[in-house]
Amino acid sequence: MSNEDITLTAGDAEVSVRPGNGGRIGGLRIGGVELLRQGERYGCFPMVPWCGRIREGRFLDGATVRQMPLNSPPHAIHGTARDGAWRTARTSADEAVLTCDLVDPWPHRGRVTHVVTLAADSLTLTMSVEAYDDSFPAQIGWHPWFNRNLGGQDAQLDFKPAWQEERGADHLPTGNRIDPRPGPWDDCFGMPDGVDVTLTWPGQLELKVTSREEWVVVYDEQAEAVCVEPQTGPPNGLNTLPRLVTPLEPLEATTTWSWRRL
């Protein structure tokens, strides 16, 4: 199938999916109100086969040091799939399935599958990475840009992490876990019982971002948007907390955004 934009609908919710722009969610409208920041770089893009920054773009792959392009110097950031060509495997009124082959500069052959499922009160995203030939470390995550303001008061953020990853001057976790500090943040937090973050636009909408994964990056240093990014490991995790994908065992993760009107 082609990589043309896809529109999903359920109730008064509408989602646009953009295979030709990194497989991202281009928009989420509820009752005609757009929740995601608009623009080629925004919406919500899949982070795979790694999330956040890799220190100096290098990671240990077995006994081999791999070098990724420094697309956020001096680091490599957010994986390769958001720059990749995604294909539409199948669609229905409320679901789209996209695939993306892992190719250069990633050193291993594999495939990413992204399932986008819309209900009247929720959006569920499930992503998996499978290896074709050999095993490799990988991560999965999502990077949504939620509009800070929907025409009323600014969004309020509520979550109760068990810890915050101390951030070094290089923007990467130092390896120390500290008590959560007040924002603004560009930081990774640990939620061992699963990611559970609530965004509230007072008098308008409440949206919960949940996932069985225990890592979430919150980025709210920008005036226009608030990012809540569930992921399978912390930034630089290919080095510090690698999850191995093998030909027999893919890596899979899911996040659900559920909402209610206020």
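This is a predicted model: local features need pLDDT of at least 70, side-chain atom pairs count only at pLDDT 80 or more; totals for chains, interfaces and linings use all residues.
## Largest pocket

The largest pocket has a volume of about 400 Å³. Its lining is made up of 26 residues, and Arg53, Ile77, His78, His143 and Asp186 are the closest to the pocket centre. By residue class, the lining of the largest pocket divides into 12 charged, 9 nonpolar and 5 polar residues.

Three strands each supply at least two residues of this lining: strand E18 (163-167), strand E20 (186-190) and strand E23 (215-219).

## Second largest pocket

The second largest pocket holds about 200 Å³ of space. There are 15 residues in its lining, and those nearest the centre are Thr80, Ala81, Asp83, Asp104 and Pro105. The lining of the second largest pocket consists of 8 nonpolar, 4 polar and 3 charged residues.

Strands of a sheet pair through backbone hydrogen bonds, in either a parallel or an antiparallel sense. Here, 8 strands form an open sheet with antiparallel pairing, in the order E10-E11-E12-E13-E26-E22-E21-E17. Strand E10 (87-91) and strand E17 (156-158) are the edge strands, each pairing on one side only. From one strand to the next, the twist averages 15°.

Within the sheet, strand E11 (residues 95-102) pairs with strand E12 (residues 110-119) over 8 bridges in the antiparallel sense. Glutamate 95 has threonine 117, in E12, as its bridge partner.

## Aromatic pairs

The whole structure contains 10 aromatic pairs. One of them joins tryptophan 145 and tyrosine 219, whose ring centres are 6.0 Å apart; their planes stand at 85°, so the pair is edge-to-face. Tryptophan 145 sits in the loop between strand E15 (141-144) and strand E16 (146-147), while tyrosine 219 belongs to strand E23, so the pair ties together parts 74 residues apart in sequence. Tryptophan 145 and tyrosine 219 are both buried.

Another pair is formed by tryptophan 163 and tryptophan 215, with ring centres 5.7 Å apart and planes at 80°, so this pair is edge-to-face. Tryptophan 163 lies in strand E18 and tryptophan 215 in strand E23, so that distant parts of the chain, 52 residues apart, are linked by the pair. Both tryptophan 163 and tryptophan 215 are buried.

## Aromatic cluster

Four aromatic residues, Trp50, Phe59, Trp106 and Phe136, form one cluster.

Definitions and conventions
Residues are numbered from 1 along each chain as its sequence is written. Side-chain values use heavy atoms; hydrogens and water are left out. On a 1 Å grid over the protein atoms alone, a cavity is a set of points where a 1.4 Å probe fits but cannot get out, and a pocket is an open set with protein on both sides within 12 Å along at least five of seven lines; lining residues have an atom within 4 Å of a point. Grid points are joined across faces, edges and corners, and a volume is the space filled by probe spheres set on the points. Helices (H or I, at least four residues) and strands (E, at least two) are DSSP runs, numbered from the N terminus. Ala, Val, Leu, Ile, Met, Phe, Trp, Tyr, Cys and Pro count as nonpolar, Asp, Glu, Lys and Arg as charged, and the others, Gly among them, as polar. Two strands pair if DSSP finds at least two bridges between them. Axes are lines fitted to C-alpha atoms, for helices over the stretch in contact, and angles run from 0 to 180 degrees between N-to-C directions. Rings of Phe, Tyr and Trp (its six-membered ring) pair if their centres lie within 6.5 Å; planes under 30 degrees apart count as stacked, over 60 as edge-to-face and the rest as tilted. Buried means under 20% relative accessible area, exposed over 50%, partly exposed in between (1.4 Å probe, protein chains only).
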